[in-house]
Amino acid sequence: DRTAPLLQVKDLQAWYGESHILHGVSFDVREGEVVTLLGRNGAGKTTTMKSIMGIVGQRAGSVQFEGQELIDKASNQIARTGIAFCPEERGIFASLSVEENLTLPPVVRPGGLSLEQIFELFPNLKERLGSSQGTKLSGGEQQMLAIGRILRTGARLLLLDEPTEGLAPVIIQQIGKTIRALKQQGFTILLVEQNFRFASTVADRYYVMEHGRVIDKFSNAELEANVDKLHEYLGV
Ligand code: ATP
């Protein structure tokens, strides 16, 4: 069914220990879309991504990917279905070279990018290939490495948690260009952002989260008409 969403999240709940963080989050992402979760600090955006990946304490509800229910699966099984998570802290191994970081994540499905294709997207990384250790890279290079390393795996759905955080405007523009290129290559992307001005350069649709719930949604075409409301939601 080509019209069925690639990812369908329904009434997702999550807990860290005794803390009930997500109170029934529902949204969907169709194949080839870039969908952004917006919301203030602590709204539950990162927890939503971690819940999709199965790396929170406890979760309930439904997460369907390609029609397959993931809510009862372990995180390693979820990763093998073809969903990749690029965390806010980037998950790069500081003691490994750029090449080792790129080749470490296991390939889970056919169709992943080759190193050459990754370097076409991120020419800077190629220059850094052998010599540098992960942490000697600039913040922007680290972010590109963090995205690059999940592109080899064959994952078709990429969860990117605040990829622009702490980066200079010129690097943010490069990240935006990369996300648009990935979309053109057929990747589906779920993005967490606090910066909706950046998000508007890449996203097709938005969901707004507050206190562990989705409180609103917009398409990109509806964004301008809702800017005042968004300022209020995001406290900017
Ligand atoms: P941010 O941009 O700050 O990451 P967010 O919308 O992604 O914001 P989450 O990180 O999902 O928000 O946090 C949601 C709530 O869960 C917050 O109240 C946070 O304090 C809490 N929380 C997050 N991680 C943990 C954890 N490991 N243990 C306990 N509580 C947590």
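Is Val192 buried or exposed? Hold on to that one for a moment, everyone, and welcome. What we have on the screen is a predicted model, and I'd like to walk you through a few parts of it.

So, Val192. Val192 is buried, with a relative accessible area of 0%. You'll find this residue in strand β8, which covers residues 188–193. What does Val192 touch, once we leave aside its neighbours within four places in sequence? The contacts are Leu37, Lys45, Met49, Leu160, Asp161, Glu162 and Pro163. If you want a distance to picture, Val192 and Ser62 are 130 residues apart in sequence, and their C-alpha atoms are 20 Å apart in space.

Let's move on to the sheet. β8 is one of 6 strands in an open sheet, and the order is β6-β7-β8-β3-β9-β10, with mixed pairing. At the edges stand β6 and β10, the latter being residues 213–219; each has a single partner strand, so one side of each is left without a neighbour in the sheet. From one strand to the next, the twist averages 20°.

We can see both here. Look for Val35, which stands opposite Arg205 in β9. Packed on the sheet is helix α9, residues 227–234, which touches β3, β9 and β10. The direction of α9 makes about 150° with that of β10.

Now the antiparallel case. β9 and β10 are joined by 6 bridges and run antiparallel. Met209, for example, has Val214 in β10 as its bridge partner. These two strands form a hairpin with 2 residues between them, and in the turn His211 has a positive phi of about 45°.

Next, helix α1. How many of the 9 residues of α1 are buried? It's 7 of them, so this helix, residues 45–53, is largely enclosed by the rest of the structure. The buried ones are Lys45, Thr47, Thr48, Met49, Ser51, Ile52 and Met53. You have met Lys45 and Met49 already, as contacts of Val192. Just after α1 comes Gly54, which takes a positive phi of about 75°.

Two or more lining residues come from each of α2 (75–80), β6 (83–86) and α6 (139–151), and α2 gives the largest share, 4 residues. By class, the lining has 13 nonpolar, 3 polar and 3 charged residues.

Two more stops and then I'm done. Thr178 is in helix α7, residues 169–184. With a relative accessibility of 6%, Thr178 counts as buried. Leaving out residues up to four places away in sequence, Thr178 touches Leu121 and Phe122.

And where is Gly67 found? Look at the loop between β4 (58–65) and β5 (68–69). Gly67 is exposed, with a relative accessible area of 59%. From Gly67 to Pro169 there are 102 residues in sequence and 38 Å in space, C-alpha to C-alpha.

Terms used: Residues are numbered from 1 along each chain as its sequence is written. This is a predicted model: local features need pLDDT of at least 70, side-chain atom pairs count only at pLDDT 80 or more; totals for chains, interfaces and linings use all residues. Side-chain values use heavy atoms; hydrogens and water are left out. Ala, Val, Leu, Ile, Met, Phe, Trp, Tyr, Cys and Pro count as nonpolar, Asp, Glu, Lys and Arg as charged, and the others, Gly among them, as polar. Two strands pair if DSSP finds at least two bridges between them. Axes are lines fitted to C-alpha atoms, for helices over the stretch in contact, and angles run from 0 to 180 degrees between N-to-C directions. Contact means heavy atoms within 4.5 Å. Buried means under 20% relative accessible area, exposed over 50%, partly exposed in between (1.4 Å probe, protein chains only).
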